Amino acid sequence: MSNFAWVTLATNDSYSLGALVVAHSLKRVHTAHQLAVLITPGVSEAMKNKLRTIFNVVEEVNLLDSKDEANLALLKRPELGITFTKLHCWRLTQFEKCVFLDADTLVLRNCDELFEREELSAAPDVGWPDCFNSGVYVFRPSLETFSNLMQYAVTNGSFDGGDQGLLNSYFSDWAHKDIAKHLPFIYNTSSVASYSYLPAFKQFGQNTKILHFIGTAKPWLQNFNSESRKVYIPGGYQHLANFLQYWWDIFCEDVHSRLSADMSGLAGALSQLHLGEPKSTEQEVYEEHMRRQCWESGNIDYMGRDSFENIWRRISQTVSAGPSPAADSTASPAPSSTPLRAVSPAPRRHRSSKSRSRSTTPKRDPRDRSPTPQPEDIVPVEKKEGYQQIITTKTQEASSPPPPPKTTLSSTNGKPKPTKKSIEEIETAPLTANDELDNVSAPVTPPVPPRRKRETKVSRIATKAKKSTFTNLILSCLPCAKRNGIR
């Protein structure tokens, strides 16, 4: 048996699907070397058993994470932190030389000649050609190299937060020391590079030996029709149609039949598909779930099911259907647009009320025929010096006799009624000790006030107030006094 091995990595059951396709693609091109896979505790037991039937070596390793979230955020790929687990491949010392392949690669032709290269041989990265892409590289397993790599990682970290930055820093002489360690691009053809330089891909793409589905456009995340066994090619990836279809062909022929429902994630869901048969209700639900997952990962079929025409047709159907009757019946009525009027607080002798209805007014003496004061008409008056004595006067409302009918006060001495201006002046004028109002009371039949010399304005108003039982109310609230007959 060969001392060389192809090595890949699977951190969960979904990436294990990619590892299985990689292994079967190597077997289809009749490789002469062994197959090894590194797995983490995230791989289910059912999937481990499946991997053991395909790979010569299945070795579980501890998960390493760079914890370099700041640098990983620059790539918008925080999940790349777990790729530090790839460093465990240097611990496979049972092999003399190995070639590492990412689980999202696809071998199209026999590449056994790579084992003739020395460590570290790799193809240039399309983003920065002076760096190599760590999706495919040749290495020699060594515990010493593994220890040095781990020490370097702890000391210097990775400039991109992933294994590629770390390996390029550790093998920093790759760009200029030995051109023999530069693998041709056909050994690690990037799916993004083929789009960015499409003319070159059309010219040389048929020579590609290993295709690398970098980024988020993983083959197992594409929309797939189980009845026709055809994959929906997302917009912008039409140049990869043949490669994506070839990946799914390998999956349908060599991988799907060995999946089981007790596998986790996508692998367990795919095991429920019945390939080449009419879709059942369960399959339609699953494919709709897969389609939603593709949307969330950015793989949208703009030219097919997710085209603008289909989206607009769905929107039109939803709008024309209108809201459901149940929603209309349960809808709460719209609030009234009538503005609410603020109500000023009433004096102490009356309760405040928000309505003019007499049913809400406090009980009064049936003999009291005076007009009912309205809360909204009561405006508090600022207490002046001299008012305190009047306010504290004992109120006799409950025991006082009913007042006379409402009348308009007029002057008996031929003088004009008080004008609005005089009332305002009265309001602002302070009371004095000469205004003897301590013994003011409302008689049963108000007598005609006698002629007397003109006194102070406050005294005149207090004399006229004897005709009403609202003495305190008049003196504390002029608008209420106005409603009771004072002009």
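**Sheet and helix packing in the predicted model**

Strand 2 (residues 34-39) and strand 3 run in the parallel sense and pair over 4 bridges; pairing here takes at least two DSSP bridges between two strands, and helices (H or I, at least four residues) and strands (E, at least two) are DSSP runs, numbered from the N terminus. Within this pair, isoleucine 39 sits opposite glutamate 60 of strand 3. This is a predicted model, so to speak: local features need pLDDT of at least 70, side-chain atom pairs count only at pLDDT 80 or more, and totals for chains, interfaces and linings use all residues. Residues are numbered from 1 along each chain as its sequence is written, and side-chain values use heavy atoms, with hydrogens and water left out.

Zooming out, the sheet is an open one of 6 strands, ordered 3-2-1-4-7-6 with mixed pairing. Strand 3 (57-60) and strand 6 (121-124) are at the edges with a single partner strand each, so one side of each has no neighbour in the sheet. On average, neighbouring strands of this sheet are turned by 25° against each other, direction ignored.

As for the helices, helix 1 (residues 13-28) lies across strand 1 (4-10), strand 2 and strand 4 (97-101), and runs at about 160° to strand 1. Axes are lines fitted to C-alpha atoms, for helices over the stretch in contact, and angles run from 0 to 180 degrees between N-to-C directions. Helix 1 also packs with helix 2 (residues 45-52) at about 10°, their axes 11 Å apart. The two helices, helix 1 and helix 2, are therefore roughly parallel (angles under 35 degrees). Asp13, Ser16, Leu17 and Leu20 of helix 1 meet Met47, Lys50 and Leu51 of helix 2, contact being heavy atoms within 4.5 Å.

Technical notes. Parallel < 35°, antiparallel > 145°, perpendicular 65-115°, else oblique.
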